[in-house]
Amino acid sequence: NYRAFTLVLLFCALSCQAAATYAPVPAKEDFLGCLMKEIPARLLYAKSSPDFPTVLAQTIRNSRWLSPQNVKPLYIITPTNASHIQSAVVCGRRHSVRLRVRSGGHDYEGLSYRSEKPETFAVVDLNKMRAVLIDGYARTAWVESGAQLGELYYAIAKNSPVLAFPAGVCPTIGVGGNFAGGGFGMLLRKYGIAAENVIDVKVVDPNGKLLDKSSMSPDHFWAVRGGGGESFGIVVSWQVKLLPVPPTVTVFKIPKTVQEGAVDLVNKWQLVGPALPGDLMIRVIAAGNTATFEGMYLGTCQTLTPLMSSQFPELGMNPYHCNEMPWIKSIPFIHLGKEASLVDLLNRNNTFKPFAEYKSDYVYQPFPKPVWEQIFGWLTKPGGGMMIMDPYGATISATPEAATPFPHRQGVLFNIQYVNYWFAEAAAAAPLQWSKDMYNFMEPYVSKNPRQAYANYRDIDLGRNEVVNDISTYSSGKVWGEKYFKGNFQRLAITKGKVDPQDYFRNEQSIPPLLEKY
């Protein structure tokens, strides 16, 4: 009779699990009551809680999304392990409360913690889940989604001065959002994007199951690495491969004004930058009448100087411009300047919270020189912002478009991020108008059909999902989705249809489910 007893136990275990997920709701239990059965109360914040405003505002990076007219979550859940996230999903499904997920809070449109329209939702805030485990022997790391990039970089360098990872430039960005949308920085020409260097994930799916690469479909694994955050479940942690860098890298920042020849230099850079060897990245930040050429070379000044003399002599780079350092020190140096230290990589108290507007473009054809002249005219107008331009070529351009959801590959010369900051709500009109006008002015000179944009530079002006019968429509998603993902958008939508057919994980720009017809 032992076997019968074991079967009863097994049946009970299976049916109890099913019951936990799909049990009828006792009349008295609500979403919060459901959460409290599995998650300690100290990790839950209701809208009525005195700490709620502080916890919500903690990682809001754009002051535009702090104002009272933004639709706020009913609850904030701050899990400390994967089972808390699983419980949040199960309770959310049971009580019809949607979840939005915030890791670093850098979502340009704030969609990880606010809704544009009234909606019953909670935020899963991952800021307590930021462990980084390095395996120096295997050259891999597991990093939780709530870690900031600076914390990941710091942990890697502590383990080895000659290993690195190719993610974003800004150290306060959350790993979860950065990797989910692609993720690139000064190593993009050497090692491509963060997402293509992810080798495993742990993700909570829309049924509350914890999956990894071995238990998820190949399409699901493909989609979470570059298809944007939120749509395919909640990624708890990422396993990445660490990549070699030399003991010394050389960094330079060379500003040039229009009077000093900035127009001719940027005109030359647009062809030289994407054609340089993969060990050398030179991005341009154009603001006002100045273009700053920011370079990182994987090697010493002694090797870099002759390379620059032969490839880009017009810039006049010489040993005086060289700053030699280990790779890890280049992160605070590039982002914060000469005085910055490694401890700055661990700083989570962000006080810089401007009002901000962002847009992006991809460039395949070099701009005629008169266009550069006009661009500098635009940059000096009232309300003018800045342009950050990253050259492609080398590794990022060699990866096939369909290898990851991130499609901006062969033929891209550079991308543009248009950034505009202001510091009082009342001052919004001029910068917002400038951003719109600048974007319109650039249209003839950038990518077409579709005019491409980078998913991590989220821009709600590109389009919003329409929800019909409680599901985001494919036709509305396609409008903005093909700009971020080109031909990969359809595969993402088909994958969404298999992973989350009821569209539980959604926001104004989440991938809509495309249900294949049989």
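Q: What makes β1, β2, β4 and β3 an open sheet?
A: Four strands line up in the order β1-β2-β4-β3, with mixed pairing. β1 (44-46) and β3 (98-102) stand at the edges with a single partner strand each, so one side of each has no neighbour in the sheet. Two strands pair if DSSP finds at least two bridges between them, and strands (E, at least two residues) and helices (H or I, at least four) are DSSP runs numbered from the N terminus. On average, neighbouring strands of this sheet are turned by 20° against each other, direction ignored.

Q: How do you know that β3 pairs with β4?
A: Five bridges join β3 to β4 (residues 121-125), and at least two are needed, so the two strands count as paired. They run parallel, and V101 stands opposite V124 in β4.

Q: What should I keep in mind about the source of these values?
A: The model is predicted: local features need pLDDT of at least 70 and side-chain atom pairs pLDDT 80 or more, while totals for chains, interfaces and linings use all residues. Residues are numbered from 1 along each chain as its sequence is written, and side-chain values use heavy atoms, leaving out hydrogens and water.

Q: Why is the pair of F355 and W422 called stacked?
A: Rings of Phe, Tyr and Trp (its six-membered ring) pair if their centres lie within 6.5 Å; planes under 30 degrees apart count as stacked, over 60 as edge-to-face and the rest as tilted. F355 and W422 are 6.4 Å apart centre to centre, with 20° between the planes, so the pair is stacked. F355 lies in β16 (residues 355-363) and W422 in β18 (residues 414-422), so the pair ties together parts 67 residues apart in sequence.

Q: Why do F355 and W422 count as buried?
A: Buried means under 20% relative accessible area, exposed over 50%, and partly exposed in between (1.4 Å probe, protein chains only). F355 has 12% relative accessibility, so F355 counts as buried. W422 has 4%, so W422 is buried too.

Q: How do you know that the charge of K381 sits over the ring of W378?
A: The rule asks for NZ of Lys or CZ of Arg within 6 Å of the ring centre and within 35 degrees of the ring normal. The charged end of K381 is 3.7 Å from the centre of the W378 ring. R100 likewise lies over the face of F121, at 5.2 Å from the ring centre.

Notes: Axes fitted to C-alpha atoms, helices over the stretch in contact; angles between N-to-C directions.
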